[in-house]
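Hi,

Here is the structure I promised to pass on. Have a look at it first, and then read my notes below.

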Amino acid sequence: MSAANFVPWEAFVRRYGPLAALGLSLLCVSLWTISAAAQDAEQNQGSSTLQAQINQHEQKLASARSTARFPDQVVELNTLCSLYRQVGKRQQALDDCNQALQMETLGGNHLGQAISLNMLGRVYTDLGQEQKALGLLNQALPLWREVKNRPGEALTLTNIGRVYNNLGQREDALKYLNQAMPIWREVNNAAGEASALDLIGTAYSYMGHGPEALDNYNKALPLWRDAKERTGEALTLGNIAIVYDFLGEEERSLQFYNQALTAWRETGNRAGEARALNFMGKVYSNLNQKDKALDLYNQALTIWKVVSDPSGEALALNDIGRAYADQGQNQKALDFYNQALPLWRQSGNRRGEAVTLTNTGRADSSLGQLTEALAVDYQSLTLWRAVEDRRGEAFALSSIGNIYSRMGQQQLALPIKMAALSLAKDGADPEIQGGIETSLMTDFRAQNLPEEAIFFGLQAVNSYQQIRKNITGLDQDLQAGFAQSKSSTYRALAELLVQSDRLAEAEQVLDLLKEQELKEVVRGASDSAEAKVEPVALTAAQQKAQGELATPEKESIALTELSAEYATLQAKATRTSDETAHMKDLETKIEAQNADVSDFFKKTLYPDLAKQTSAQDANALLSKEKSEVSRLQNTLMELGPHVIGIRLLLGDQNAYAIVVTPLAREKFQLKATPAELRRKVLQVRDDLRNPSSDPKPHLAELYAMVVAPFETELKALEKNEQDKEHVPTLLWSLDGAMRYLPMAALYDGQHYMAERFNNTLFTPESYGHMTTSADLNKSGLRVLAMGLSKSYGGLPALPGVIPELDAVVHDPAVPESHGPIDGVLLPNERFTYAALQMELGAGTTFPVVHIASHFVLESGSGDEPYLMLGGNSSGDPQGYQLTLSKLEDSTISFHGTHLLTLSACSTAKGDVAEDGMEMDSLGMIAQQKDAEAVMATLWDVNDASTSQIMSDFYARWVKTPADGKAEALRQAQLALMRGSATAPHPASGASATTAQASASAARDANYSHPFYWAPFVLIGNYQ
């Protein structure tokens, strides 16, 4: 911009007069204050008040036009642009701003141009047209600098940061927002500074840096309050709620949403209220409380209609449709999507239209309406390209490719998926990238091309490994498309590797599978150093193939552009002769480019990967297989020759066991399909939970399915055991529904497994703990024993808990306690979260922690498993739900704890829908928090037998610690099974009479059924 076109402020005053200058100055201040203080908080007043203002300023504009007062016209047009934006009439806002900009440009008024360009940028951001917005804001920025208007410069820098946030370019967003921050401070504008801090928090939030996001939001809140900007405060409260939702802390999320909702209502901001209701609905939807979500969406919809905001109305209708789709009611979902689409179009919000079209295609596809889905996905692809959203474009291409796969048209699916993959890589979006690579793995597996399937499966797993926690940069509106379990990718890859006898890699992927399952059960589960498993390394051939993929990926992008153009013409009811001729030309080009992509795979990728299966390379792979020592094998080397590891894998069509020794691995295909195993497991589980049943026939059938295939290896292990007083140890890594059963209860026709072996579970978190032996000294051994005998939070009372705790601990302050270990007893209202933090905080250690309470498994609900406590900071009849996320994020540490026992009640709510994933979660989190071993229960246990077995277990362990925890548990189980329970060993000062009476009662009862002795499982260190 030349100096000749620059009109300084003094010249503006001379040209238009002091009143016009004052009006423009006030407008400038007003607009940047509105934008900085509540840029996303529309309708700062009720819609009727805003409409009255619009009417007033329309009259003023008409008056200014009638008398040709150009400065006044500019002021009124810019004011109306802001007001129309606030009521959602964005096309009218654009018209007014463009008129103002045209007049300011003709007059050479740079200040006025900067105001209009900035406002236009905000309107285009509202419309989802971020690139258009960015271009306008980049025009405004040098104008503010030329007129030396620092607040305006800060405002535009802030808006540019907002645009980059919306584009997913977080580093660029932070760059501009950090430039704005010192200027807002320089001009002492608290609201502007708060706005920038809020956007910085948003950038960190979507980068997966929750603590940094919360730090910036918490800095913004007092600034909003100092500026008396209640709408800005409400905006930040809502953003804090989003972070807590990402972190899996739904309770805290809803608390902040409710605070935001109160603020919006206090200010009469109906649009803010509606938006908060929409987001609260998404939290409840994630919690699987669909009815509550629908109620909130409908409340929001009513408000959007009242304030006449078509974009907001479309948003609510879209969310209602998604809620019905999540419930499998896809036809009903389509009804709401079809209501939303014309509203998006009416408001000019092309991005919103693209989102709803994407959801429409997904619903059509779920209904098997593939042709309709394909047409809709091509429409959404066009829109994603128009708004220059590469993530949305990648998602649409992936959906189109999946439809072609389902149609059996792999020659069309492959190049489209390759184009999607290229876009996902360019956007550094591992969520979408992993989903596309998973679909390619599935396609190649269906074509019986295992090496190609493994190649893309490895890529998918390594993509998912990049995702920190379960927070992604993927837009929430698109995230549902990739919400399916990522663990299925790991399992499918592991099955392919096992089938290909690549057991070393399979072992690593099975460990990664456990970690991924934990993330899916425990939202916000961290990647601790102990739990971290390195991504799977690619072979030389795979690395070469990976480097060569760039060529077909780029070619495929050009091909998809031709395909989209062809699909647009094909969708027309009638076509001109020129269009028909153009379609034929496109057909020729598409066929040629399809052939190029196909040739790459046939002539380059397939031969590269096939080298691995040649004789020479097969021998190299075999040598590599033998030389690669897994973490499990390293652990077994330290544990000695009387221990082996057994990994179970329930794949898609087949189930396998991998038997692992320090020097070898061997796979065994189980004698049942995964579906057959699941049915048998649930049948056996019902038997085990019913003490009047005869479980042995079904347990024997399950033994034949699962254990019999490697019976020879087990007998060889037993034969090698020189010490006849002890038995070998089996370390089990279970999969799928098998996790609902204790391996100790399987029956070989003559003996339970508990009679032949110590049976211990392990997870990836166990490796660092299994090789350490507890140096037990009874005089220094202390137990922290806690539990609930009363009803809390609506859960049943557990009357046997107090006798159980009395039989475990001897607390001098509780005369009735008579356990074998001295310690502290905290029952009922004393068993609070605050007490747990104090007793297990920094600098405090208990070698044994024993908890007798409900551990609630919310199978299929979307909720996390939780441990019921007697209150938060003090006793509370509602109790306190300590979810595994809260435990993981807390200061509670089990450092120095040799054993954490959860004995009383594993309460399952709902049917089995998580495929056993939740059963591993407690042990994994506890071991991440440094517990060496965890003892848990698999079903609701009997009070009397539990008290007996716990007392007997601790007495045996303390008396002969060298035998180990697993042997002490096994002997206590055998004592119940055979009716030979020994008397507990009372602590000094405890009542021996009470202990003897308890043992006598146990012997009189018949506890031989596995219901009584089998639910107790040991995880981790068995020594």
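Predicted model: local features only at pLDDT ≥ 70, side-chain atom pairs only at ≥ 80, totals over all residues.

The chain has 1023 residues, 61% of which count as buried. Its secondary structure amounts to 43 helices and 16 strands. As for contacts between residues at least 6 apart in sequence, 70% of them join residues at least 24 apart.

Now for the inside. The largest nonpolar core has 202 residues, and the members that touch the most others in it are Phe456, Leu702 and Trp732. Helix 21, residues 410–426, supplies the largest share of this core, with 9 residues. Another core lies apart from it and has 56 residues, including Leu61, Ile160, Leu174 and Leu177.

What does Trp732 touch, if you skip residues up to four places away in sequence? The list runs Ile646, Leu648, Val707, Phe710, Met743, Met753, Asn759, Thr760, Leu761 and Phe762.

You'll find Ile821 in strand 8, which covers residues 821–827. Ile821 counts as buried because its relative accessibility is 2%, and the cut-off is under 20%. With neighbours within four places in sequence left aside, Ile821 is in contact with Leu781, Arg782, Val783, Val808, Val809, His810, Val848, Tyr954 and Val958.

On to the backbone. One is Asn828, with phi near 50°, in the loop between strand 8 and helix 37 (833–839). The other is Ala68, with phi near 55°, in the loop that runs from helix 3 (47–66) to helix 4 (70–86). Are these two buried or exposed? Asn828 is buried, at 7% relative accessibility. Ala68 has a relative accessible area of 44%, so Ala68 is partly exposed.

There is also a polar pair to look at. The side chains of Gln928 and Glu765 are joined by a polar contact of 3.2 Å. Gln928 sits in helix 39, residues 917–928. With a relative accessible area of 12%, Gln928 falls under the 20% cut-off and therefore counts as buried.

Which residues make the nonpolar surface patch of about 310 Å²? They are Val629, Met637 and Leu663. Leu663 is in the loop between strand 2 (655–660) and strand 3 (665–669). The relative accessible area of Leu663 is 76%, over the 50% cut-off, so Leu663 is exposed.

Cheers

Conventions. Residues numbered from 1 in each chain as written. Heavy atoms only, no water. Core = buried A, V, L, I, M, F, W, Y, C linked by side-chain atoms within 4.5 Å. Buried < 20%, exposed > 50% of the residue type's maximum accessible area, 1.4 Å probe, protein only. Helix = DSSP H or I, 4+ residues; strand = E, 2+ residues; numbered from the N terminus. Contact = heavy atoms within 4.5 Å. Patch = residues over 30% accessible without salt bridge, like charges linked within 9 Å, V, L, I, M, F, W, Y side chains within 5 Å. Areas by Shrake-Rupley, 256 points an atom, 1.4 Å probe, with all protein chains shown as cover. Salt bridge = Lys/Arg side-chain N within 4 Å of Asp/Glu carboxyl O. Polar contact = N/O pair within 3.5 Å; in protein donor to acceptor, adjacent residues only side chain to side chain.
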